[in-house]
Amino acid sequence: MSAETPAETPIRDAATVVVLDRHASAGPSVLMGQRGAAAVFMPSKYVFPGGAVDAADAAARLGAGPGPETAARLAAEPRPGVASDPHALAAAALRELAEETGLLTGQPGAAPEGWDHYAGAGLAPDASALIYLFRAITPPGRPRRFDARFLLLDAEHLHGDRHDFAGACDELSHLHWVPLAEARALDLPFITEVVLAELAGIIARAGGGPLRAPESVPFFDNRDANPRFMRIG
C-alpha cells in the first residue's frame, strides 16, 4: 500500500474549549498555550486547549451532558456517513481541558474510567455549561485534518484555582490567561482569530449577564476543494 498523501488524510472529530475569564484584572481573558515547534499540526502556534475525540469518549460517564440547545447543534450538519455524537464531543472537550491544563469543571461524583484528574478531585465532569461557539474543518492538503467544534466555557464554572496548571501535561507550553485585547499579537492560526472575533460579539451581547449561545454557529466547511461557509442554528 502506498504511503498516505496529505490529500488523503482522514478527517477526525475534535473538540476545543475556549475558557473565558470575564473578570480578570486585565480585562476579559482566554486560556491559551503554545504548541511545540516540532508538532506536526500547527507548530509553535498559540491555541485553545483541545484535541481529537477518542473512542472511549462516547461511553464516558458525565455528571451532566451538554444542554439541549448545545447538543442539538452539535448533532446538526454531520459529515456524510459520520454521525455527530454530542456526548462524545462534550466529553472530549472536558477530557482534553483536564489533560492539557489540569483545570476541571464538575460536581461531586464518580469520574469516568481513566479520567485521573477528575478521580483525584472526586468530581464527575459537567458539560452542561458548554456553549457551542464555532466549527471548522481543516482544508485538504494538511498533515492532520479535524472537524473541530469550539465550545465556550465561562471560567466561573471551573473547580478550584484557575491559575493552577500543576496538573497539566506537556503538550502545551506557556499556558496563561491572555487578555482579548492582546491575543491577536500572538502567533495564532487564522481560524483562532476568527473564533476570537465571534467571542468578542458574545461578550458584548451578554453585557454583565450570563453568556448566551449565539443565534447561529458559524461553520467553515473545508472538507473538499470547494469550501463553503454556513451557519448552524
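The model is a predicted one. Its largest nonpolar core has 40 residues, and the largest share of that core, 9 residues, comes from helix α2. A search of the whole structure finds 4 aromatic pairs, and strand β2 (residues 29-35) has bridges to β1, to β9 and to β3.

**Nonpolar cores**

- Within the largest nonpolar core, which has 40 residues, the residues with the most contacts inside the core are V19, L31, W115, Y118, L130, L158 and W177.
- At least two residues of this core are supplied by each of β1 (11-21), α2, β7 (131-137), β8 (145-154), β9 (172-179), β10 (217-221) and β11 (228-232), and α2 provides the largest share, with 9 residues.
- Apart from this core lies another core, of 28 residues, which includes Y46, F48, L133 and F134.
- Y118, one of the residues with the most contacts inside the largest core, touches L94, A98, L104, T105, A111, L123, A124 and P125 when residues up to four places away in sequence are not counted.

**Glutamate 100 in helix α2**

- E100 is found in helix α2, which spans residues 86-101, and because its relative accessibility is 2%, E100 counts as buried.
- The side chain of E100 reaches the backbone nitrogen of G50 at a distance of 3.0 Å.

**Aromatic pairs and a charge over a ring**

- Among the 4 aromatic pairs found in the whole structure, F134 and F150 form an edge-to-face pair, with 5.8 Å from centre to centre and 80° between the planes.
- This pair links distant parts of the chain, since F134 lies in strand β7 and F150 lies in strand β8, 16 residues apart; F134 is buried, and F150 is buried as well.
- F220 and F229 also form an edge-to-face aromatic pair, for which the centre-to-centre distance is 5.1 Å and the angle between the planes is 85°.
- F229 has a relative accessibility of 47%, which means that F229 counts as partly exposed.
- F134, F150, F220 and F229 together form one aromatic cluster.
- The charged end of R135 sits over the ring of F219, at 4.0 Å from the centre of that ring.

**Strand β2 and its partners**

- Strand β2 (residues 29-35) is largely enclosed by the rest of the structure, because 7 of its 7 residues are buried.
- Strands β1 and β2 run antiparallel and are joined by 2 bridges, and D21 stands opposite S29 in β2.
- Strands β2 and β9 also run antiparallel, with 6 bridges joining them, and V30 stands opposite V178 in β9.
- Strand β3 (residues 46-47) is joined to β2 by 2 bridges, again in an antiparallel arrangement, and the bridge partner of G33 in β3 is V47.

Conventions
Residues are numbered from 1 along each chain as its sequence is written. This is a predicted model: local features need pLDDT of at least 70, side-chain atom pairs count only at pLDDT 80 or more; totals for chains, interfaces and linings use all residues. Side-chain values use heavy atoms; hydrogens and water are left out. Helices (H or I, at least four residues) and strands (E, at least two) are DSSP runs, numbered from the N terminus. Buried means under 20% relative accessible area, exposed over 50%, partly exposed in between (1.4 Å probe, protein chains only). A polar contact is a pair of N or O atoms within 3.5 Å; within protein, one must be able to donate a hydrogen and the other to accept it, and residues adjacent in sequence count only if both atoms are side-chain atoms. A nonpolar core is a set of buried Ala, Val, Leu, Ile, Met, Phe, Trp, Tyr and Cys residues joined through side-chain atoms within 4.5 Å. Contact means heavy atoms within 4.5 Å. Rings of Phe, Tyr and Trp (its six-membered ring) pair if their centres lie within 6.5 Å; planes under 30 degrees apart count as stacked, over 60 as edge-to-face and the rest as tilted. A charge sits over a ring if NZ of Lys or CZ of Arg is within 6 Å of the ring centre and within 35 degrees of the ring normal. Two strands pair if DSSP finds at least two bridges between them.
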